[in-house]
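Hi,

Here is the structure I promised to pass on, with the sequence alongside. My notes on what turned up in it follow below.

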Amino acid sequence: MNTPDRDAPRYYAPDAGLPAQTELLTSRAVVTEAYTVIPRGVLRDIVVSVLPGWTNTRTWILNRPVAGGATTFAQYLVEVGPGGGSSTPEPEPGVVESFVFVLEGELDISLDGLDFPEHREHRLAPGGFAYLPPQARWEVSNGGGAPAKFQWIRKAHQPLAGHSPAPVFGNEADLEPAAMPGTDNKWRTTRMIPVDDIAYDMHVNVVTFEPGAVIPFAETHVMEHGLYVLEGKAVYRLNQDWVEVQEGDYMSLRAFCPQACYAGGPSNFRYLLYKDVNRQVLLGGK
């Protein structure tokens, strides 16, 4: 089993609970047809889901396909207590691919050795990730003494003849970020799924902005996004609105939602980013 051999990085994960009865009803939650913002204060105990086939686990469902919103993926924030997990985590095996990113604690993922013998068992520390292709048979468990919290992205894989995606494991802290052109490395992207392999129809990156760095134009593109803020704060431009976000907040952006941001500091602004890639637009033909 692969085990972490260095100090684990830290990423924000909510503690849930409930606000006091004396607090005012205030929230930054926004739902539109172009985007959704779920602030960290919304992730409370009374909105958790219990997933079939999982033990000692609770889940906040951050995104699911809905009319007028992002439709290509589902995204969860999952907390697995000590001894918890699942031997059948994926309810649609053979169809859905997954990406797991650990925020707190340690998570064990094992694959059927007959399918992928080189990836039989992995222990993921914070920052650890796993891409699990649709043909992978996998299990997940928490063998430690503290809760494990992680982001789980699920997407229906779009097969491509002659190309089969393989599992990918690693830790984002071990990867070299790529600087965005003309930014003096103040805007950089850590890519965790191979970007030069068309077998993969999704990418998941960690995007980092140093204080004061910006996306200097309104990105408007076909790719949908799920963004979970790992660290820091920023002002995001979504459609025609400026929205403040901070660590622990979540954004879901439908296709063609104009988007830009300004990192406000004082620390780096970092988020986990999902996008769908590398496929033709299907128009219903047989």
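Val-31 stands opposite Thr-36 of strand 2, and that is a handy place to start. Strand 1 and strand 2 (residues 35–38) pair in the antiparallel sense, with 2 bridges between them. Keep in mind throughout that this is a predicted model.

Those two strands belong to an open sheet of 8 strands, ordered 1-2-18-15-20-14-13-12 and paired antiparallel. Its edges are strand 1 (30–31) and strand 12 (178–179), each of which pairs on one side only.

Next, strand 6. Of the 5 residues in strand 6 (residues 107–111), 4 are buried, so the rest of the structure largely encloses this strand. Strand 6 has antiparallel partners: it pairs with strand 7 over 4 bridges, and 4 bridges also join it to strand 9 (residues 138–141).

With a relative accessible area of 7%, His-122 is buried. Its side chain makes a polar contact with the side chain of His-119, at 3.1 Å.

Now the aromatics. Searching the whole structure gives 14 aromatic pairs. Take Tyr-76 and Trp-152: the ring centres are 5.2 Å apart and the planes sit at 90°, so this pair is edge-to-face. The two residues come from distant parts of the chain, with Tyr-76 in strand 4 (residues 73–86) and Trp-152 in strand 10 (residues 148–156), 76 residues apart. Are these two buried or exposed? Tyr-76 counts as buried at 11% relative accessibility, and Trp-152 is buried with a relative accessible area of 1%.

Another edge-to-face pair is Tyr-131 with Tyr-200, at 5.1 Å centre to centre and with 70° between the planes. This one also links distant parts of the chain: Tyr-131 is in strand 8 (residues 128–132), and Tyr-200 is in the loop between strand 13 (187–191) and strand 14 (202–209), 69 residues away. Tyr-131 is buried, its relative accessible area being 0%; Tyr-200 is buried too, with 4%.

Trp-152 is part of one aromatic cluster along with Trp-54, Tyr-76, Trp-138 and Phe-150.

On to the charges. A search of the whole structure finds 15 salt bridges, and here are some of them.

- Arg-40 and Glu-247 meet through their side chains at 3.9 Å, N to O. They lie 207 residues apart, with Arg-40 in the loop between strand 2 and strand 3 (55–63) and Glu-247 in the loop between strand 17 (241–246) and strand 18 (250–253). Arg-40 is partly exposed, with a relative accessible area of 25%, and Glu-247 counts as partly exposed at 28%.

- Lys-149 forms a salt bridge with Glu-104, the closest N and O atoms being 3.8 Å apart. Lys-149 sits in strand 10 and Glu-104 in strand 5 (residues 96–104), 45 residues apart. Lys-149 counts as buried at 8% relative accessibility, whereas Glu-104 is partly exposed with 27%.

- Arg-123 has a salt bridge to Glu-106, where the closest N and O atoms are 3.9 Å apart. Since Arg-123 lies in strand 7 and Glu-106 in the loop between strand 5 and strand 6, the pair ties together parts 17 residues apart in sequence. Arg-123 counts as partly exposed at 26%, and Glu-106 is partly exposed with 34%.

Which residues join Glu-104 and Lys-149 in a network of salt bridges? Asp-15, Asp-45, Arg-58 and Glu-79 are linked with them in that network.

That's what I have for now.

Cheers

Terms used. Residues are numbered from 1 along each chain as its sequence is written. This is a predicted model: local features need pLDDT of at least 70, side-chain atom pairs count only at pLDDT 80 or more; totals for chains, interfaces and linings use all residues. Side-chain values use heavy atoms; hydrogens and water are left out. Rings of Phe, Tyr and Trp (its six-membered ring) pair if their centres lie within 6.5 Å; planes under 30 degrees apart count as stacked, over 60 as edge-to-face and the rest as tilted. Buried means under 20% relative accessible area, exposed over 50%, partly exposed in between (1.4 Å probe, protein chains only). A polar contact is a pair of N or O atoms within 3.5 Å; within protein, one must be able to donate a hydrogen and the other to accept it, and residues adjacent in sequence count only if both atoms are side-chain atoms. Two strands pair if DSSP finds at least two bridges between them. A salt bridge is a side-chain nitrogen of Lys or Arg within 4 Å of a carboxyl oxygen of Asp or Glu.
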